Amino acid sequence: MSSNPHMQPLEFVLMQGMSEQQQLLFMTRYNAERKDSTIAVLLAFFLGGFGAHRFYLRQYGLGALYLVFCWALIPHLIAFVECFFLPGRVRRYNEEQANLIASQVRAVSTPSINAVPQRALT
């Protein structure tokens, strides 16, 4: 499997013991789910008063709360402060997603050729 320059050591650790097909499935799903900390910070800075950064991290309840109170300045101020904490939150989000996807990929076993249903043989 080719090395990805954006791949963190956690992904390498989680992919140990996986077949090449499982590794490909893991990386495909993980790359679709992972979030970028730069995008999260920019969303918080420019659209944070509307909860855009919360929606981006799939925290829909908090995003809706920001949206309800967007007319006040408080969500805008909180979002500005959150700009400094978002890289860590995004890193934790990505770790949670990687662990979840790895456990799902490992749970799904690839069907073998010898595992033919009995009805197909009759």
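Author: Helix 2 (residues 20-33) has 14 residues and spans 20 Å from its first C-alpha to its last, close to the 20 Å expected at 1.5 Å a residue. The expected span is 1.5 Å times one less than the number of residues, and helices are DSSP runs (H or I, at least four residues), numbered from the N terminus. This is a predicted model: local features need pLDDT of at least 70, side-chain atom pairs count only at pLDDT 80 or more, and totals for chains, interfaces and linings use all residues. Residues are numbered from 1 along each chain as its sequence is written, and side-chain values use heavy atoms, leaving out hydrogens and water.

Reader: Which residues are buried in helix 2?
Author: Q22, Q23, F26, M27 and Y30 are buried (under 20% relative accessible area; exposed is over 50%, partly exposed in between, with a 1.4 Å probe and protein chains only).

Reader: And what do the buried residues of helix 2 pack against?
Author: They pack against helix 1 (9-15) and helix 7 (86-107), where contact means heavy atoms within 4.5 Å.

Reader: Which residues are exposed on the other side of helix 2?
Author: Those are Q21, T28 and A32.

Reader: New topic: how many aromatic pairs are there in the whole structure?
Author: A search finds five. Rings of Phe, Tyr and Trp (its six-membered ring) pair if their centres lie within 6.5 Å; planes under 30 degrees apart are stacked, over 60 edge-to-face, and the rest tilted.

Reader: Why is the pair of F45 and F80 tilted?
Author: Their planes are at 50°, so the pair is tilted, with ring centres 6.2 Å apart.

Methods:
Helix = DSSP H or I, 4+ residues; strand = E, 2+ residues; numbered from the N terminus.
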